[in-house]
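Here are a few exercises for your first walk through a protein model. Try each task yourself before you read its solution.

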Amino acid sequence: MTELSPTAGKNSQDIQGDEKVSPRKAPSICSTRYGIAFMVHLCNFIIMAQNIIMNITMVAMVNSTNHQPSFNDSTEELPVDSFGDPNNSPKSLPAGAPVYDWNPQIQGIIFSAINYGMILTLAPSGYLAGRIGTKRVVGAAQLGSALLVLFTPLAAEFGLVFLIATRILQGMSLGLGYGGQFAIWERWSPPHERSRLCGVAISGLLLGTSIAILLGGIISQTLGWPFVFYIFGGFGCVCFPLWCVLVYDDPVAHPWINVTEKEYIISSLAQQVSSTKQPLPIKAMVRSLPLWSMCVCCFSHQWLMNVITIYAPTYISSVFNIDIRNSGFLSALPFIIAWIVCLLGSYLADFLLTKNFRLVTVRKIATVLGSLPSSTFLLVLPFVASDYIIAVSLLTLSCGLGLLCQPGVYVNALDIAPRHSSFLMGMSRAFAQLSAVLVPTVSGFLLSQDPEFGWRNVFSLSFVINTLGLIFYLIFGKADVQDWAKERKLTHL
């Protein structure tokens with residue numbers, strides 16, 4: 001059995017540098033590597049749907065209608081109802097569905113608990129997957145998350161402490177699944193197909209969000225909110241055996257892959273994938289400006305996306321007295337648009353590579369298109385308060401266009417350090433996930449200090465942070481393999 005090893009004696013520039021990319025063969029969506037991408041897509045669909053169903057079911061889980069969203073209490077209680085309003089709870093819940101007297105502050109703690117769990121495991125999961133394989137790490141995360149989701153209704157019955165602990169553990173499982181999946185592309189993605197393969201895989205997060213929003217409320221009102229957890233948790237358990245049977249860590253280990261495709265993938269990655277495990281060059285990573293630019297840009301973009309998904313709907317609700325989250329379709333529409341944009345943008349990025357565009361140019365173009373228009377639309381939002389249709393359209397476009405960054409900065413680690421990309425992609429996402437904790441704190445402070453111009457301040461700050469991160473990436477971002485990421489050659493006597 002052959003090994004994925006670098007070609008000896010060659011020190012030429014890698015294909016993902018500034019060279020032109022000319023594909024050896026046209027990719028086929030029926031190939032094994034696209035089958036792997038679909039399975040990762042399905043995994044992302046499951047973990048994201050399981051991530052947000054608490055936001056949907058909270059409407060039916062709370063007992064009191066007197067708990068109003070407040071912007072001047074604990075910052076953790078923003079927003080109270082990510083996808084619904086306690087004042088619009090179903091008037092008649094199915095018999096046997098328990099309800100709880102949780103005030104907005106407690107609800108905010110429950111919502112945020114999952115983010116703390118994710119931050120703990122995102123970076124380690126990438127490193128772990130690079131060592132023992134994506135199949136084991138993500139498979140364990142998928143099963144663990146599904147079981148914890150099934151246990152959530154019982155945990156709520158046991159008490160708030162059990163529920164919060166369950167949410168933290170679920171966040172740790174989701175972090176393992178999200179951060180650990182990127183190691184698979186070190187050995188499965190030819191350089192000129194990385195954008196679309198990663199795009200197909202990551203777009204499952206958006207589709208999972210859309211489907212959970214569309215179905216979560218219906219299930220909650222017809223069967224009771226516990227069945228939302230039972231159905232999505234059960235679906236995760238059903239898909240776990242499929243992951244174990246169909247996913248393999250590299251083409252060499254796959255029993256059903258076509259020989260031609262296997263040789264094609266191995267040859268295209270010959271100078272990038274090593275058969276030996278190499279230590280992480282931590283000191284060199286800390287001093288690497290291209291790596292820091294990637295992390296900072298991911299953080300600033302995630303700040304923008306958190307503000308869009310959390311606060312823009314709340315803003316529209318407060319201005320027009322119309323809660324778009326009460327409409328399943330309107331709530332899911334921005335994520336459906338984002339799902340389509342993610343797929344099209346990923347294919348467009350790889351198409352540009354075939355047209356003699358430098359890889360660094362493609363990465364930066366995608367990042368600019370995914371950052372600047374979205375933040376600009378959000379900045380304009382407070383100035384169109386007289387037109388509901390325009391405001392909702394700007395919100396939808398902001399969320400949708402933001403996913404153009406996916407074939408840009410978010411896959412950049414595969415370019416600058418393919419041998420350490422699993423760790424770096426997990427680390428950069430853990431760094432970006434900090435924004436999920438900081439956004440409610442900072443935005444809540446701004447809204448409570450200046451009720452009149454609070455929204456403008458929130459959106460303006462988001463624009464400034466996103467623009468500064470984008471500029472930093474445009475100046476220092478690279479797409480060629482860094483010296484510290486190249487394989488260390490052994491001298492034979």
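A residue is called buried when its relative accessible area is under 20%, exposed when over 50%, and partly exposed in between (1.4 Å probe, protein chains only). By that rule, 57% of the 493 residues of the chain count as buried. This is a predicted model, in which local features need pLDDT of at least 70 and side-chain atom pairs count only at pLDDT 80 or more, while totals for chains, interfaces and linings use all residues. Residues are numbered from 1 along each chain as its sequence is written, and side-chain values use heavy atoms, with hydrogens and water left out.

**Exercise 1.** Find how many helices and strands the chain has.

*Solution.* Start with the rule: helices (H or I, at least four residues) and strands (E, at least two) are DSSP runs, numbered from the N terminus. The chain then has 16 helices and 0 strands.

**Exercise 2.** Check whether the end-to-end distance of α1 agrees with its number of residues, then look for a bend.

*Solution.* First, the expected span of a helix is 1.5 Å times one less than its number of residues. At Ile-52, α1 bends by about 35°. Finally, 28 of the 30 residues of α1 are buried.

**Exercise 3.** Do likewise for α7 (residues 225-246), and find what covers its buried residues.

*Solution.* The 22 residues of α7 should span 32 Å, and its end C-alpha atoms lie 33 Å apart, which agrees. A kink of about 25° sits at Cys-239, shortly before the proline Pro-241. Cys-239 is also one of the buried residues of α7, along with others including Trp-225, Phe-229 and Trp-243. Their cover includes α1 (32-61), α3 (134-158) and α6 (194-222).

**Exercise 4.** Work out how α2 (residues 104-132) and α15 (residues 421-449) are oriented to each other.

*Solution.* Axes are lines fitted to C-alpha atoms, for helices over the stretch in contact (heavy atoms within 4.5 Å), and angles run from 0 to 180 degrees between N-to-C directions. Here the angle is about 175°, with the axes 7 Å apart. Angles under 35 degrees count as roughly parallel, over 145 as roughly antiparallel, 65 to 115 as roughly perpendicular and the rest as oblique. So α2 and α15 are roughly antiparallel. Residues making the contact include Tyr-116 and Leu-122 of α2, and Phe-423 and Arg-429 of α15.

Conventions: The bend at a residue is the angle between axes fitted to the seven residues ending there and the seven starting there.
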